[in-house]
Amino acid sequence: MSRKPQPPRDTTTFGRRGFLAGAASAAAATALPLGLGAGSAAAATARPNVLVILTDDQPKQTEWATPKTVDWLVGHGVRFTSGHVTTPLCAPSRSSIFSGKYAHHHGVRDNGHPYNLDQHDTVQRALRQAGYRTGLFGKYLNAWHPADNPPHFEEWLLSDPVVYNDGQYNDNGTVRTIPGYSTSVIRDRTLAFLDKAATDPRPWFAFVAPKAPHAPNTPEPKYAGTPVPAWDGRPSVDEADRSDKPQWIQDATGTLATGRQVRANQLRTLLSVDDAVQAVRDRLAALGQLDNTLVIYLGDNGYTWADHGWSKKSVPYLPSVEVPFYLSWPAGGLGAGSPADHRIVANTDLAPTILDAAGITPDWTLDGHSLLGTHSRDHLLVEWWEQGPHQAGSPHSWSSYLSRTEQYTEYYKLHTDADGRPAGTGEVAFREYYDLDADPYQLVNRLHQATPAQEQALGIPALAAALAAERTA
């Protein structure tokens, strides 16, 4: 039977704001463009601090390395079991976190054009304008010039490039080399930022972004030889027949041994992230700010461990787009080990969630939805662009309709030009369809050699129409 996709329903409600200062804060909300009375003492004491912890290239199935993080944010919060990114690439994903927009709306389609992001349409701008103290510690956006200060952050330690030891940083406007292991350097500057809460009554927003577990996955010396649990791969690793996949997957050379090595290196670097998260938790507790701090933890994209021979990201397969995704906020009702949340959630949901918690009405259009409400989507648009003209071994640009039960993907003869804008004919170069109920490891592309009648039975025309509408909206 053909399955006709339904348009996403916007049923967002804002039901967890009882901790706000009631009518006094609501009255103040009308006085400022962003919807919150920053000068109101009641509002200022009620608004939560916001902590975003964003790892780099962390896929799911890595919780062995982060037990302290899980104990805090899942044991005293909620695990989103269907966490995703809408573009599995660093700079586009981070721009979606800041803006709440899809990449085709915020304009950062690849890793080479971070200045395409409209800095007005960012959560850090909205929070700072509403009276928050803002800080950035770690990785910002790929290809951002190290000497350029990140807009709308009051304090920052911006790292560039991905160097684990003795890295270069923009330290509040001064570019310099700081000795030490990067995760520890970022941790210490985050703790210093938090300590200022003892004398500064303003609520704060901290964006903490360690390099781990991005390649070269250099572990801290004390964890360099740590044994990791054995791993026998997934059915998608060492896939016997990839003739139904696009050419770059057919030509991929990753093996189980490759996947094991990448996995081990990633896990070892995440052990230091886990230590840093614990240090942050302990400091918040010491400051008395643990309860009214909204904490969100996720990866900026997933990563394949030689699934289908691919040992990278940038592809639409589930290991590339699924990420760990946790939220804790005791004062907001999410602090007692809430049941797992099985909604399909994404990085575009962070900005609306943060603004909702802070009582701020955004003055730009967002694609995501607050996780504090009841909005539930039945599918997600996922997209990716090839940077520069197509090269052998690289995926074509693609977009994908992803639900719990199926995934339909189109690859296009498109790429980004020198300005980061789409270029090319847009011709569909390849298509894939996976029945995720029957084939969760995406081994059988049901469109390979499919007849028109078979495509109709799979519901492909309706999926293609839905995808076309969303990617051009």
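I began with phenylalanine 193 and tryptophan 204, and I found both of them buried (under 20% relative accessible area with a 1.4 Å probe, protein chains only). The model is predicted, so I kept in mind that local features need pLDDT of at least 70 and side-chain atom pairs pLDDT 80 or more, while totals for chains, interfaces and linings use all residues. Residues are numbered from 1 along each chain as its sequence is written, and side-chain values use heavy atoms, without hydrogens and water.

I next looked up arginine 133, whose charged end sits over the ring of phenylalanine 193, 4.2 Å from the ring centre (for Arg, CZ within 6 Å of the centre and within 35 degrees of the ring normal). Lysine 312 lies over the face of tryptophan 310, with 4.7 Å to the ring centre.

I then searched the whole structure for aromatic pairs and got 14 (ring centres of Phe, Tyr and Trp, the last by its six-membered ring, within 6.5 Å). Among them, phenylalanine 153 and phenylalanine 205 have centres 6.3 Å apart and planes at 25°, so I noted the pair as stacked (planes under 30 degrees apart). I also noted that both phenylalanine 153 and phenylalanine 205 are buried. For phenylalanine 193 and tryptophan 204 I found centres 6.2 Å apart and planes at 85°, so this pair is edge-to-face (planes over 60 degrees apart). I recorded, too, a cluster in which ring pairs link Phe98, Tyr115, Tyr140, Trp144 and Phe207.

Notes:
Buried < 20%, exposed > 50% of the residue type's maximum accessible area, 1.4 Å probe, protein only.
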